[in-house]
Amino acid sequence: MTHGRGALTVLHLLLVWAAMTVTVPALGFGLLAAAWGGGAGAAVPLLVLVVPLAVGLLATTGVPVRTVVPLCGTAWRRFGWAAMVFVLGTFGVLGGLAAYSGGVGLGSAGTRIALTGVPYAVAAAFFVPGRWVRLGAAAVLAAGVVHGGFAGPARAEQHRHEAEAARYRERAELLYLGTAPPGMRVSRATVGPGYFGVEYRPGREGGFAYVGLTVRPRLTPELRCPEPGEEGMTCTVVAHGEIRMVRELPAGERSVTLVRRHRDVEAEVTSQTLDEAGLRRLLDTLRPLSDAELERLMRDKVIDRGF
């Protein structure tokens with residue numbers, strides 16, 4: 001391709017990009033405004049009116065290359081070329097909108113407006129009879145597909161994951177975890193507005209056992225038994241300020257609850273199946289929830305927000 005033809009080609013593609021960068025956002029805004037004011041049916045007349053005008057504007061961008069692009073050689077052929085470029089470019093814009101709605105980052109508002117003209121310029125480049133021009137268009141198309149279909153969604157998912165982890169960390173002072181008793185695992189964790197709850201259940205299906213851990217801010221200056229006491233419950237303050245509560249249940253069963261201060265929080269464990277020694281061992285292993293542990297809870301989908 002000679003220098004003159006190359007300059008004409010660059011001018012042509014810039015004109016296509018500029019024309020569609022101005023037209024497409026305006027068309028999209030007009031369609032949204034019409035649909036908002038009068039429903040989807042109100043947008044149809046605007047579409048019928050504006051699309052031919054957009055195609056006509058595209059046709060004028062083919063005038064400088066009427067000696068370079070065979071399909072732009074005559075007025076009628078230019079309109080056919082413009083219609084094809086408009087359709088192909090619109091498919092590209094719709095693909096970009098789908099990627100953006102899926103969370104793929106496309107830059108600032110100004111960048112997104114500038115990008116609306118790119119699919120049309122790429123479509124126009126494929127009609128230029130030059131190997132390097134078409135290779136360049138194919139490279140831009142491939143980059144868009146990779147970003148919109150693979151790299152972008154993966155990055156968006158990573159950002160969503162990091163944002164979710166940050167929301168769980170909003171009450172980091174309450175996020176404590178104890179080592180699961182033998183044969184048990186964390187089955188559910190809940191981050192509430194003023195507590196962090198963990199449920200431990202058997203690691204295999206079919207077993208019946210349950211231990212509940214609740215971590216909350218200190219409720220009183222000193223640990224003390226609740227007043228008035230519950231019917232069927234005995235409460236005692238044992239060594240080191242720990243509270244032991246035993247609730248008598250039907251069929252001769254009972255539930256044991258231990259409450260202990262840990263730094264600036266209160267940790268409460270309760271179970272009908274685990275003995276006091278096991279509950280104390282769980283309290284002894286309390287530690288701040290690590291990033292790796294939070295990541296595992298999120299990956300296993302056993303943590304949620306209780307508000």
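Author: Helices (H or I, at least four residues) and strands (E, at least two) are DSSP runs, numbered from the N terminus. The model is predicted, so local features need pLDDT of at least 70 and side-chain atom pairs count only at pLDDT 80 or more, while totals for chains, interfaces and linings use all residues. Residues are numbered from 1 along each chain as its sequence is written, and side-chain values use heavy atoms, leaving out hydrogens and water.

Reader: Where is the place of Pro226?

Author: Pro226 is partly exposed, with a relative accessible area of 37%; buried means under 20%, exposed over 50%, and partly exposed in between (1.4 Å probe, protein chains only). The place of this proline is in the loop between S4 and S5.

Reader: Which residues does Pro226 touch, not counting residues up to four places away in sequence?

Author: Contact means heavy atoms within 4.5 Å. One of the residues touched is Met245, which is 19 residues from Pro226 along the chain, with 9.8 Å between the two C-alpha atoms.

Reader: Which residue does a disulfide join to Cys225?

Author: A disulfide is a pair of cysteine sulfur atoms within 2.5 Å, and a search of the whole structure finds 1. Its S to S distance is 2.1 Å. Cys225 lies in the loop between S4 and S5 and its partner in strand S5, so the pair ties together parts that are 10 residues apart in sequence. The partner of Cys225 is Cys235.

Reader: Is the disulfide of Cys225 and Cys235 left-handed or right-handed?

Author: The handedness follows from the torsion about the S-S bond, which is about -90°. The disulfide is therefore left-handed.

Reader: What order do the strands of the open sheet have?

Author: Two strands pair if DSSP finds at least two bridges between them. The open sheet has 8 strands with mixed pairing. Its edge strands, each pairing on one side only, are S5 (233–237) and S10 (303–305), and the twist averages 15° from one strand to the next. The order is S5-S6-S7-S8-S4-S3-S2-S10.

Reader: How many bridges join S4 and S8?

Author: Strands of a sheet pair through backbone hydrogen bonds, either parallel or antiparallel. S4 and S8 pair in the antiparallel sense, and Thr214 has Glu268 in S8 as its bridge partner. S3 and S4 also pair in the antiparallel sense, over 5 bridges, with Phe196 partnered by Val215 in S4. For S4 and S8 the number of bridges is 7.

Reader: How many of the 7 residues of S4 are buried?

Author: S4 is mostly covered. Of its 7 residues, the buried ones number 5.

Reader: Which residue in S8 stands opposite Val259?

Author: Strand S7 (residues 254–262) and strand S8 (residues 265–271) run antiparallel and are joined by 7 bridges. Opposite Val259 stands Glu268.

Reader: At about what angle to S7 does helix H7 run?

Author: Axes are lines fitted to C-alpha atoms, for helices over the stretch in contact, and angles run from 0 to 180 degrees between N-to-C directions. Helix H7 (residues 276–284) lies across S3 (196–202), S4 (211–217), S6 (243–248), S7 and S8. Its angle to S7 is about 25°.

Reader: Where is Arg263 found?

Author: Most residues other than glycine have a negative phi. Arg263 has a positive phi of about 55° although it is not a glycine, and at 56% relative accessibility Arg263 counts as exposed. Arg263 is found in the loop between S7 and S8.

Reader: What value is the phi of Lys301 near?

Author: Lys301 is found in the loop between helix H8 (291–299) and S10. At 73% relative accessibility Lys301 counts as exposed. Its phi is positive, in a residue other than glycine, and is near 60°.

Reader: How far apart are the end C-alpha atoms of helix H3?

Author: The expected span of a helix is 1.5 Å times one less than its number of residues. Helix H3 (residues 75–101) has 27 residues and should span 39 Å. The distance between its end C-alpha atoms agrees with this, at 38 Å.

Reader: Which residue forms an aromatic pair with Phe86?

Author: Rings of Phe, Tyr and Trp (its six-membered ring) pair if their centres lie within 6.5 Å; planes under 30 degrees apart count as stacked, over 60 as edge-to-face and the rest as tilted. The pair of Phe86 is tilted, with 6.0 Å centre to centre and 35° between the planes. Phe86 is in helix H3 and its partner in helix H5 (residues 118–125), 34 residues apart, and both are buried. The partner of Phe86 is Tyr120.
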